[in-house]
Amino acid sequence: MSVLTRDEAQTRAQLLDVHHYRVDLDLTTGDETFRSHSSVRFTARTAGDTFVELKPETLHSATLDGEALDPAALDGNRLPLTLTEGEHELSVTTTMRYSRTGEGMHRFTDPTDGESYVYTQLFMEDVQRVFAAFDQPDLKAVFELGVTAPEGWTVLSNGITEQQPDGRWQAAPTPLLSTYFVCVAAGPWHSVRTEHAGLPFGIHCRRSLAPHLDADADEILAVTKACYDRFHEKFDEPYPFDSYDQAFVPEFNAGAMENPGLVTFRDEFVFRSAVTVTERQTRAMVIAHEMAHMWFGDLVTLRWWDDIWLNESFAEYMGFQTVNEACADLFPDTWVDFGVTRKAWGYEADQRPSTHPVAPDPEAVPDTASALLNFDGISYAKGASALRQLVAWLGEKDFLAGINIHFKRHKFGNATLADFIDNLAAATDRDVHGWAEQWLRTTGVDTLTPRLHGEGTRWQLTVDRDGSRPHHIEAGVYDRHPDGELTLRERLALDIPQTAPAELTGPRPALVTLNDGDLTYAKLRFDEVSKETVLRGLSAVPDALTRAVIWNALRDMVRDGELTPGEYLATALAHLPEETELSLVQGVLAFARTQIADRYVTEDERPAALATIGEIARALLRRTEDGEAPGLRLTAVRTYVDSATTPAKIASWLEEGTVHGGPELDPELRWRILARLAVLGATDETVIAAELERDPSATGQEGAARCRAALPTAEAKTAAWSALFDTDDLSNYLFTATAQGFWQPEQAELVREYVTRFYADATALGARRGAAMAEAAGRYAFPSYAIDAESLALGESHLTADTMIPALHRKLVDQLDDLRRALTVRGA
């Protein structure tokens with residue numbers, strides 16, 4: 001199969017003007033394949049040769065202006081076309097294959113009730129798996145979709161759908177859309193419908209999840225309506241589509257997809273077990289993120305994939321900002337969660353060999369395969385952080401004025417970075433072009449360190465910058481009182497590089513924190529006095545966002561070998577039991593458990609690290625015995641389970657069905673405990689099978705796969721590895737669950753032989769099953785816990801293999817860099 005190059009896309013865009021697609025899909029032809037017919041009306045500006053993309057199981061017929069084309073001319077995924085100048089109509093009839101990998105038309109049968117569901121995920125280049133198309137983002141067209149579906153099914157699409165007398169479903173014609181936005185979701189959906197602002201709104205899920213969706217419907221719809229109203233306060237252009245549906249679909253690869261009028265979400269967001277408020281906040285943020293795409297991405301679309309940040313960075317920034325503004329009564333500290341979770345994702349991605357600018361040069365994204373690699377912490381978290389800094393520097397009024405100019409000039413069209421910067425510049429006297437060069441065209445993370453000079457009551461604050469970007473920040477100056485309380489003396493606005501030192505009056509501060517409001521994107525360090533204050537008194541810092549900034553700095557210091565893992569754990573033990581901000585507790589414990597305990601400490605040091613984490617969890621459990629902080633208690637229970645080194649207590653919880661003092665065990669907690677017992681060798685297949693009989697849902701199937709792969713026996717590992725790599729039977733989610741169970745730090749010797757097998761087997765899998773499964777293999781099946789120089793050398797020797805597809809290669813570059821860093825941290 002050929003990937004589309006940027007040069008080919010530019011050539012085809014100069015030749016063609018695509019007007020209209022009529023797409024008819026027949027979903028009644030069996031469980032393996034479906035029938036697809038597409039008719040495309042377009043104009044050739046001159047005579048010339050081009051091609052249309054499709055990836056059929058069978059190409060039955062193709063006609064151009066009524067003349068038959070030879071199906072044998074299909075070359076991989078390209079059917080060549082020779083065109084005369086003028087109007088044309090292309091018609092293609094195929095049989096297409098359903099996917100089990102979350103790409104194209106994915107089909108899922110719910111093990112709970114046997115009902116089947118299908119949905120499309122056509123991002124980047126997967127429309128070709130569903131119907132023939134000129135598949136590039138700048139050939140927008142009107143789409144009319146008709147779907148024949150089994151009796152009892154409902155069909156959802158980008159526009160309002162109506163069931164016809166013959167059982168077919170017809171969707172309303174769309175406005176001009178890029179091909180990758182076309183969406184169909186069909187099945188016996190459970191739906192909750194309402195109206196808002198004169199438009200039909202709906203939320204949909206599998207029937208087996210109906211009680212859980214109904215329980216959360218009021219919150220989901222309230223968030224949706226609040227964000228919709230807030231966007232209309234910000235944007236001059238009204239919502240551009242005829243309805244707003246949100247479908248929670250099974251086995252979805254991404255968090256969500258911004259299909260106009262029909263956003264698809266992974267259905268883990270329909271919570272069937274207890275969750276924390278931060279997890280509900282994440283769902284709200286994703287709702288806002290995808291709605292922001294209706295303008296950033298759908299109304300105005302990138303011309304080529306080098307500008308993916310124009311979609312994702314904006315949606316990420318607007319998602320957090322809009323929830324922070326419109327849903328503050330439900331989720332008052334959205335930016336704290338961004339600072340401690342999403343931002344860390346960006347910092348880590350930006351320090352790897354695979355880093356790239358937020359807005360890479362077009363030559364760096366020569367084709368769709370390379371473009372796919374840029375959906376990472378840089379395009380999302382770093383880009384959003386850069387925009388937050390831009391708003392701080394520019395002012396929100398001018399920022400919004402600029403983006404409204406952008407929407408007005410390019411609505412229903414395509415735009416580039418240059419277009420966007422020009423439109424921002426039209427709304428301000430500031431040098432936005434210079435800002436963009438420094439922020440969007442460069443890689444890496446600046447490091448800012450405060451320096452205090454003076455004595456007595458007169459001090460000067462300067463900031464050392466290791467890097468090249470300008471920063472508009474605030475510095476927090478704090479005093480420590482005899483009782484240990486820290487209070488904010490003043491907050492200084494600073495522009496880096498400085499033109500003059502900042503003057504302070506009063507005694508030497510106990511703590512100076514740069515980027516106190518987390519307005520910029522930079523690693524931070526402390527002067528020696530401030531570092532000591534942080535390690536001794538972090539929980540006394542009064543503002544949660546400032547504490548997030550400090551925890552991020554400590555995390556970076558561990559990763560850079562400037563703070564030992566033991567010091568970090570000691571700081572967590574001293575301060576987390578007093579922490580009131582749940583997202584901070586979750587973020588710090590996640591780093592401590594998955595990075596420090598599993599990777600940054602040696603095998604000999606690991607039991608002590610797990611013991612410290614367990615001690616933090618016990619302290620939080622004691623603190624929450626009164627039931628007033630259920631999210632904090634749930635986090636403590638999860639952490640205690642994941643960190644258990646002996647099975648007795650968690651096994652008693654599973655047997656009794658409850659944690660002493662609460663909560664009762666729901667399915668998520670039961671599978672979590674059973675997975676840990678499997679790692680510890682304290683359960684077996686009989687118990688796993690019984691639990692699966694108790695919970696035969698899709699999530700239960702994944703839990704059982706994870707537990708079986710985690711059993712510490714040679715037979716279990718052989719069976720799991722064979723399921724992963726010897727056959728292609730596993731869906732994307734079951735593959736992930738099996739891979740998650742396979743590698744465990746406690747079982748390093750048991751699975752050592754598989755370290756050498758991974759590279760050849762993963763390479764072959766990627767070649768067979770494509771980018772989504774290759775990325776899953778690189779992310780979840782990689783031998784993360786083989787942390788030694790030999791494993792690093794083995795991995796590096798395989799990176800030169802020319803048979804490795806780009807998605808897998810990129811993931812392995814990142815994994816090996818993480819391995820290299822873990823070795824460095826251990827050495828330090």
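## α7 against α10

Helix α7 (residues 378–394) and helix α10 (residues 432–440) pack with axes 11 Å apart at about 150° (axes are lines fitted to C-alpha atoms over the stretch in contact, with angles from 0 to 180 degrees between N-to-C directions). The two are therefore roughly antiparallel (over 145 degrees; under 35 is roughly parallel, 65 to 115 roughly perpendicular, the rest oblique). Helices here are DSSP runs of H or I, at least four residues, and strands are E runs of at least two, numbered from the N terminus.

On the α7 side, the contact (heavy atoms within 4.5 Å) uses Ala386, Gln389, Leu390, Trp393 and Leu394, and α10 brings Val432, Trp435, Trp439 and Leu440. That gives eight nonpolar, one polar and no charged residues (Ala, Val, Leu, Ile, Met, Phe, Trp, Tyr, Cys and Pro are nonpolar; Asp, Glu, Lys and Arg charged; the others, Gly among them, polar).

## About the model

This is a predicted model, where local features need pLDDT of at least 70 and side-chain atom pairs pLDDT 80 or more, while totals for chains, interfaces and linings use all residues. Residues count from 1 along each chain as its sequence is written, and side-chain values use heavy atoms, leaving out hydrogens and water.

## α4 against α8

The axes of α4 (residues 309–326) and α8 (residues 396–410) come within 15 Å and cross at roughly 130°, which makes α4 oblique to α8.

## A four-stranded sheet

An open, mixed sheet runs β26-β23-β22-β28 (strands pair if DSSP finds at least two bridges between them). β26 (502–505) and β28 (523–524) sit at the edges with a single partner strand each, so one side of each has no neighbour in the sheet.
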